[in-house]
Amino acid sequence: MSTATNPVAWYRDKLHSETFAGGILLLGAAIALIWANSPLREGYATLSNTIVGPSSLHLDLSISSWASDGLLAIFFFVVGLELKTEFVTGSLRDMRQALVPMIAAVCGMAGPVLVYVSIIAISGSGVYDGWAIPVATDIAFALAVLGLFGKGLPTAARIFLLTLAVVDDLLGITIIAVFFTDHISLPWLAASFAAIAIFAVLLRRGLTSWWLLWPLAIIAWAAMHSAGIHATIAGVLMGLSVPALARAGEDRPLTEHFGERFEFWSAGIVLPIFAFFAAGVNIVDSGGFVAMLTNPVAIGIFLALPLGKFLGIWGGTALITKVFGLKLGKHLYLADIAAVSLVSGVGFTVSLLIASLSFEPDHPYAGFARIAVILGSVIAAVLGAIALRMRAHSRSRGPAPLHDATEDKIRLDGRPNIDIDEDGDATDDEIRLDGRPNIDEPRD
């Protein structure tokens, strides 16, 4: 059956587009937000809070918890695959190329924290629990905005954003593991690590049968959950354990093999479901939109995402290039970084997860925090889009030529660059984190 007549195949194919995948996430969030504030909002609350799972295994969780603790582990497994690829064969293997965006990523996480803490201190509310919420950058959304509005910026701008977002993911995962663990059960943690170790050994020996790997993955996830650590960490560790180099007799590395298999489930199923349950905040019964806009926690989050990321990334990059003499990519300037730093304020997925971890569901600011993530991400996307177009227009009038991406001979999957358009720019579809082509434009 052709793609045109098979809706599943069409959907799978379209998900290669960062713009389409981001749109599906927004659609899930929008449906939840509308339902949660409609006259039928009790139905949404009932669905979200329905308990499912065996209590004897401490897995009697609400459906919304299953979405964030269970299904999201698949997304974090894919993140682990991407991190492994970048460290072994991608942009993070060359420290000289990656150093500036890596430092910018660290500064880009410090900036939002400082903005949030400052606003909370000024307001006198004392609610510092949400400090970690605005630190994350959503790769899919950020690249979608850059792809739509970055025409005219050099390819180095996209590589900078990709590298920054990968390091941001790694740091975000570390924050979840370190700061959102109340207690640790060492026996359960050891059981999870043992399952992950066996998982890794099987892969090293080329044993990839689902009936071997899936039981180990479930055991690792359940044990990590029982250990008191957010269960998605198990997904990341399993992703990092997958070999990123093809062995004798293999036509491609296992990271690419699993990435291709799980991309549809992660981007097309897991993330929209997570967005649906994470974004469904009842604003009507919480004082309305005006109350949210004047809440210090919400203000701290929706300002920290665009403003904090801008101050952190652009300010950090300016410091290390002007004071310490580190170099940006070819034909990439601080004015370009200013636009990219605003785009990096699109938090969404990981920020929504951290928001759910920062405040218990019955906390009076829990809903405001999640809505603020969406609002801050939208503000960052709009400001970033405007800044990208202004910068692209400015570059079009200047004498500096665009950087041809084929000069680097570097792709993020470690293979030679041979198919980049000659005028290489930041919207180039060939440059994706997983090394596969984008389809933002229809294929011939």
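Author: Helices (H or I, at least four residues) and strands (E, at least two) are DSSP runs, numbered from the N terminus. The model is predicted, so local features need pLDDT of at least 70 and side-chain atom pairs count only at pLDDT 80 or more, while totals for chains, interfaces and linings use all residues. Residues are numbered from 1 along each chain as its sequence is written, and side-chain values use heavy atoms, without hydrogens or water.

The largest pocket holds about 1,400 Å³ of space (the volume filled by probe spheres set on grid points joined across faces, edges and corners). A pocket is an open set of points on a 1 Å grid over the protein atoms alone, where a 1.4 Å probe fits, with protein on both sides within 12 Å along at least five of seven lines; lining residues have an atom within 4 Å of a point. Here 48 residues form the lining, and S65, S356, F359, E360 and P361 lie nearest the centre. Two or more lining residues come from each of α3 (41-49), β2 (61-62), α4, α9 (210-226), α11 (254-278), α15 (349-358) and α16 (366-397). The largest share, six residues, belongs to α3. By class, the lining has 22 nonpolar, 19 polar and seven charged residues (Ala, Val, Leu, Ile, Met, Phe, Trp, Tyr, Cys and Pro are nonpolar, Asp, Glu, Lys and Arg charged, the others, Gly among them, polar).

Helix α2 (residues 18-36) packs against α3 at about 120 degrees, with the axes 7 Å apart (lines fitted to C-alpha atoms over the stretch in contact, with angles from 0 to 180 degrees between N-to-C directions). A32, W35 and A36 of α2 meet R41, G43, Y44 and L47 of α3, a contact being heavy atoms within 4.5 Å. Five of these contact residues are nonpolar, one is polar and one is charged.

Another lining helix, α4 (residues 63-88), packs with α7 (residues 155-179) at about 130 degrees, their axes 10 Å apart. This pair is therefore oblique, and its crossing is left-handed (the near helix turned anticlockwise from the far one by less than a right angle; clockwise is right-handed). F76, V79, L83, E86 and F87 of α4 touch V166, D169, L170, I173 and I176 of α7. Eight of the residues in this contact are nonpolar, none polar and two charged.

Helix α7 also packs with α5 (residues 95-123), the axes coming within 8 Å and crossing at roughly 50 degrees. The crossing of α5 and α7 is right-handed.

Technical notes: Angles under 35 degrees count as roughly parallel, over 145 as roughly antiparallel, 65 to 115 as roughly perpendicular and the rest as oblique.
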